[in-house]
Amino acid sequence: MRRFFARFANLFRRRAAERELAREIASHLALIEDDFARRGMPPAEAKLAARRAYGGVEQAKELHRDARSFAWIEQRFQDLRYGARNLLRTPGFTAVAVVALALGIGANTAIFGVVNAVLLRPLAYRDADRLVTILHDGAAPVAAANYIDWRGQNRSFEAVAAAEYWSPNLTNSNPPEHLTGLRLSQNLFPMLGVEPMLGRWFAAGEDQVGSDREVILGYRLWQRRFGGDRGAVGRPVTLNGESYTVVGVMPAEFKFAPFWATRAELWAPLALGDRVNQRSGRSLRIFARLKRGVSVAQAQADMAAVSARLERQYPGTNRDVVVTPLKENVVGKVKTPLLTLLGAVGFVLLIACANVAHMLLARTSDRQKEIALRTALGASRARVICQFLTENLLLAALGAAAGLVLAWWGTRALVALSPAYIPRVEMVGIDTRALLFLLAITVFTAVVFGLAPAMHASVRNLSGALKEGGRGDSGGARRNRSRGILVASEFALAFVLLIGAGLMVRSFFALSAVDPGFNPHNVLSMVVSVSGSNEAPAPAREIFYRQLLEKVRALPGVVVAGGINHLPLAGDLWGWPFVIEGRPRPRPGEEPGAVYRIAMPGYFETMRLPLLRGRTIAPSDDARAPGVVVINERAAHEYWPGEDPIGKRIAFHYDARTPPTWLTIIGVAVDARQYDWAYKPDPEVYLAALQNHEFLEKAEYLTLVVRTAGNPGDMAPAVRRTVWSFDRNLPISGVLTMDRVVADATAQPRFETLLFGIFAGVALLLAAVGIYGVMNYSVSRRTREIGIRISLGASRAEVVRMVVRQGMLQVLAGMAAGVGGSLLLSHLMAGLLYGVRPTDPLTFAMVTVVLGLAALAATSVPARKATRIEPMVALRSE
Amino acid sequence: MPSEGADRIAVLQGTLDLIVLRTLETMGPQHAYAIATRLQQISEDLLHLNQGTLYPALVRLEQQGRIKGTWGKTESNREARFYAITRAGEKALAEETLRWRRMSGLVEKLLSQGA
C-alpha cells in the first residue's frame, strides 16, 4: 500500500526522480572507475571498464523507472505528449483526419440520440414493458361490449382499460377552443402507474353516466388556459356547452395516449352507459397490463381463445384481435427508418475510419526511420504499437470533441426538421447514454483506423530501415496493398450508401408524382367546431351551414367553397358496412364496407375532385329530397364490376327491425388519397351533409374548404371573421392550406430522403478525398520512377493513364464489392420505398456513374501532378 | 533490449531483496556499488550481474520503507547514496529469512528423498 502511494507520487515528481537517478548512476560509475584506477588501469580504460561492469545505462534507467512508478501510466503520458507534438507537426493531415472523424462520430451520435430517445428509452409509465394494446388487426378500435367481455374473460391481464377519442369545445371562455382529449375508463391512469401533479385521479364510480362530469388537465392546457393557477382544481369549465369540474392537473412530462391521440391534453371519465351491450360502433382503444410472467405470445393465445368463443356467439364481431406491446404501437412505424438511418450513418463512420487509416498508413511509411530509431533505442514492438495507438486515440478524441459539437448541433437540427410523425421526438437530446455511445464509438474508431497502421509500424528489419534513409519501402508493398484495400472498401461502402440514397430519392420522386385525385393548390381549409354552440337543433344547423357557405362564397377572392366532415390526409378514417338493394343479405361481418365521408354541396368543385360519371352533391339534396350518395371509382369497381352503379341503391345502419334508408348513387368520383399518401384509396362513399340528420344533429365539427383566386393563406382572416359573424363562440382550428396538408403527408419520406442524401453526400466526399489522398501519395512516392519513365520517353498521356489506371482499379474493385453489398442490403429498406424496387437498375447505373466520375475527378488531380514532374529534378532529388 | 542477463535476474528476483537486506544488516549503510561488489564476492563470481540491475531492488525496498537512502561521501571523497536498513527492514529480513529457510529446507528434503 505504502509502495502504491510512493509510485503514485512519483508519477508527479518524474523530473526530480530522474535527476536523482542520473546523480546516483553517475556516482556509481565514478566509484567503479576509482576502483579500476586503483588497480592500475589508465583513466580512459577505467572509464570504459566501468561502463562495461555497470551494463546498459539506459536499460538500467528503464528498470529503475519501472520499479519507481507506474511505468505504464508514465509511458502513456509520454506517448500522449509525443503524439500531440506529432499531430501538431502535420496540421494538414490532422485537420483532414479530425474533420473526417468529426463527421462520422458526430453524425452517429446525433442519430443515436434520436434512436435512443425514440426507440430505446422505455415509455414513461411504470413497468412500461408490460403494457400492451388489444385492438382489431393491432390498430382498429373495439366495440364496448367486446371490451367488457375481454376484461371479464381473459386470464392474462392484471388490468384492462379503455380510451376513446374526445374533442370537446371549450366555450364560455375567450377565445373558444377546439380541444383534443380522451375519455378514459377509471382504471387507466392507475394501470399506467402515474399520479396527477395537482388534485386527484377519478374516483371509482365516476365513470358512470351522470357522475362523469369531471376533467383532468394536461400541463400545457393548464398553463395556457389557467395561467398555471393552482386554484384551477375544483373550478368549473364549459365543454361542449356542459359544465365539468377540474379535479386534477398532470405533470408536464406526462403524455397519453403515446400513439394515435398523441395531442390529447385533457381527460375525462368514460361512461359507457347502454353502450355496454353494443358490438358495432367500434370506438374504444383497449390498453392492458400483462400479469407478471405472462408473455405477449401467451396473452395473444389467451385472447385468441376468448375472441374465438365470442365470435361463435356473436358472428362478425371478434375477428383479428391482436395483442401488441404498447411500445411497438408507438414506435413501430419509425423503427425501420431510424434503424436504416443508423446503419447508413454507421457506414459513414466506417468510411471516415478507412480514410484516416490509409492516411495513417502513408504517414507510417514516412516514419519508418523514426520507428527504427526508437526500436534501436530500446523500445519494444508492443511499446511502438502502443505509441501509435495513443496517437490514434488522441486523434479520435479530437474528432470526438469536434463530433460532439456537431452532434449537439445536429440533434437540435434534427428535432427542428423532423416532421411531427416521429413519436417522442421532444425527448431527443445528448444524454448520458448518448455520451457513452460517443465514447464507445470513439475508442472503436481509434482501434479500427489505428490498428492496421500500428501493426505495420513495427519493423523487424532495423538496419535496413535505417540505411534506406526513411524513404525505403521495406514492407512497402504490403502497405500499398493495405491502402488499396482500404480505399476499395471506402468505395464499396460509399456505393451502398449512395444506392440507399438513390433509392430514397427515386421513391420520393415517385411519391411526389402521385396524383392525389384532387387539386390541392389554392385551397384553404379550417375546422369549425359547432358542438356546444347556440345553433344546436338540426334544422337550425342546416340553415347555418347553408348561410355560412353562401357568405364565404361571397367573399371577394373566393372562387368556390364547400365542406366535409374529415379532410383528406388529415383525419381518421371511419368505415361503415352497407347493404346493396336487391342483393342477398351478406353474413354479419362480411358486408361491403366503405370509408364514409359527409360532404357539403360545393366540396367536389372546391377540391377539383372530378366525377367520372353522374353528378355531384347539390344544395337541393336536403332532408326533403330523396337520399343520394356519391361513390369513388374503387367502390364502383369493387361492388359493381361491369355494371353502371348510377341509380343503384344502398343503405347504411341496416337493421332488420326498421325499414332501411335507401340512398341512390348519383355519381362516381375519381379516387382521392384519403388516409396515407402512399396507400391506394379504399372504397369510399360521400353522403350529402344537408340531408343527413345524424350529422346535422351530432357532428361536433365541420371542415370548411375554400378555393381562392390568390394565396389561400391570405384569405384565412376574412373566412374566420365570416364564421364568427354567426357566433363568436365557434372555435376554429386547423387552419391549413391544402398544399401544406399534402406536404405534411409526405414529410416522413422527405425527411428520410434528406438525411440519407446528406449521409451519402458526406460518404461521396470522403471516398473522393480518400482516393485523391492515396493517389497523391502514391505519385509523390513514385516521383523518381515517373521521372525515369518521362526521361525514357513516356508521354504525358501515358503517365496520366498509368496513374489513373492504378487508382481506378482500386475504385472499380470497391464498386464491384459495393454492388454485391447493395444487392444484399437494399432489400432491408424495401419498407421505406414507394414505387421503386430495391434492385432498381436505373439507381444502380446512376450511382456507378456518379461514383465513377467522382473517383476519376479525384485521381486526375494527382495524375496531372505526375505529368508535371521534371525528370532531371526528380532524379536528383534524394 | 532483453538479453540473457534478464533471465538471470528473473531467477534472482525473489532473493535479491533478501540478499540486499542481509548485506546492509551485516555491513551497515552501503552505497550501490559496495552492495554489488559484496554480492559478487560472496557468490564467488557465480552471480555476475550488471550493476545497474540492482536499482529496481533498491527502489522497491526504499518505497516499502525497508531501507533508507541518504547522500554522503565515500572514503575517496566521492559523493554516493548510502542505503541503511530500517527497523521495518530488520523485521522484514527476519521474516523473509525464516521463510527462506523453511522453503530451502523443504526443497532440500525433497531433493534428497525424491531421488
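The model shown in every view is predicted.

**Figure 1. The surroundings of A:Val348.** When neighbours within four places in sequence are left aside, the residues in contact with A:Val348 are A:Leu103, A:Gly104, A:Ala107, A:Phe759, A:Val762 and A:Ala763.

**Figure 2. Packing of helices α11 and α23 of chain A.** The axis of α11(A) and that of helix α23 (residues 747–781) of chain A come within 10 Å of each other and cross at roughly 15°. Because angles under 35 degrees count as roughly parallel, α11(A) and α23(A) are therefore described as roughly parallel to each other. Their crossing is left-handed. Sorted by class, the residues that form the contact of α11(A) with α23(A) are 21 nonpolar, four polar and one charged.

**Figure 3. Packing of helices α7 and α10 of chain A.** Helix α7 (residues 144–153) and helix α10 (residues 296–313), both of chain A, pack at an angle of about 130°, and their axes are 10 Å apart. That angle makes α7(A) oblique to α10(A), and the crossing in which α7(A) passes α10(A) is right-handed. On the side of α7(A), the contact is made by A:Asn146, A:Asp149, A:Trp150 and A:Gln153, while α10(A) contributes A:Met303, A:Val306 and A:Leu310. In terms of class, this contact of α7(A) with α10(A) has four nonpolar, two polar and one charged residues.

**Figure 4. A:Asn519 in its loop.** A:Asn519 is found in the loop of chain A that runs between α16 (476–512) and β13 (523–529). This residue counts as partly exposed because 15 C-beta neighbours lie inside 10 Å, whereas a buried residue would need 20 or more. Once neighbours within four places in sequence are set aside, A:Asn519 is in contact with A:Met607 and A:Arg608. The C-alpha atoms of A:Asn519 and A:Val560 are separated by 13 Å, the two residues being 41 residues apart along the chain.

**Figure 5. A:Ser280 in its loop.** The loop that holds A:Ser280 lies between β10 (266–269) and β11 (284–290) of chain A. With 14 other C-beta atoms within 10 Å, A:Ser280 is partly exposed. Although A:Ser280 and A:Val142 are 138 residues apart along the chain, their C-alpha atoms are separated by 8.5 Å.

Figure 6. The secondary structure of chain B comes to four helices and three strands, arranged along the sequence in the pattern α-β-α-α-β-β-α, and buried residues make up 28% of its 115 residues. Chain A comes to 27 helices and 23 strands, and 43% of its 878 residues count as buried.

Technical notes. Residues are numbered from 1 along each chain as its sequence is written. Chains are lettered from A and ligands numbered from 1 in the order in which they are written. This is a predicted model: local features need pLDDT of at least 70, side-chain atom pairs count only at pLDDT 80 or more; totals for chains, interfaces and linings use all residues. Two residues are in contact if their C-beta atoms, placed from the backbone, lie within 7 Å. Helices (H or I, at least four residues) and strands (E, at least two) are DSSP runs, numbered from the N terminus. A residue is buried if 20 or more other C-beta atoms lie within 10 Å of its own, exposed if 12 or fewer, and partly exposed in between; C-beta atoms are placed from the backbone. Axes are lines fitted to C-alpha atoms, for helices over the stretch in contact, and angles run from 0 to 180 degrees between N-to-C directions. Angles under 35 degrees count as roughly parallel, over 145 as roughly antiparallel, 65 to 115 as roughly perpendicular and the rest as oblique. A crossing is left-handed if the near helix is turned anticlockwise from the far one by less than a right angle, and right-handed if clockwise. Ala, Val, Leu, Ile, Met, Phe, Trp, Tyr, Cys and Pro count as nonpolar, Asp, Glu, Lys and Arg as charged, and the others, Gly among them, as polar.
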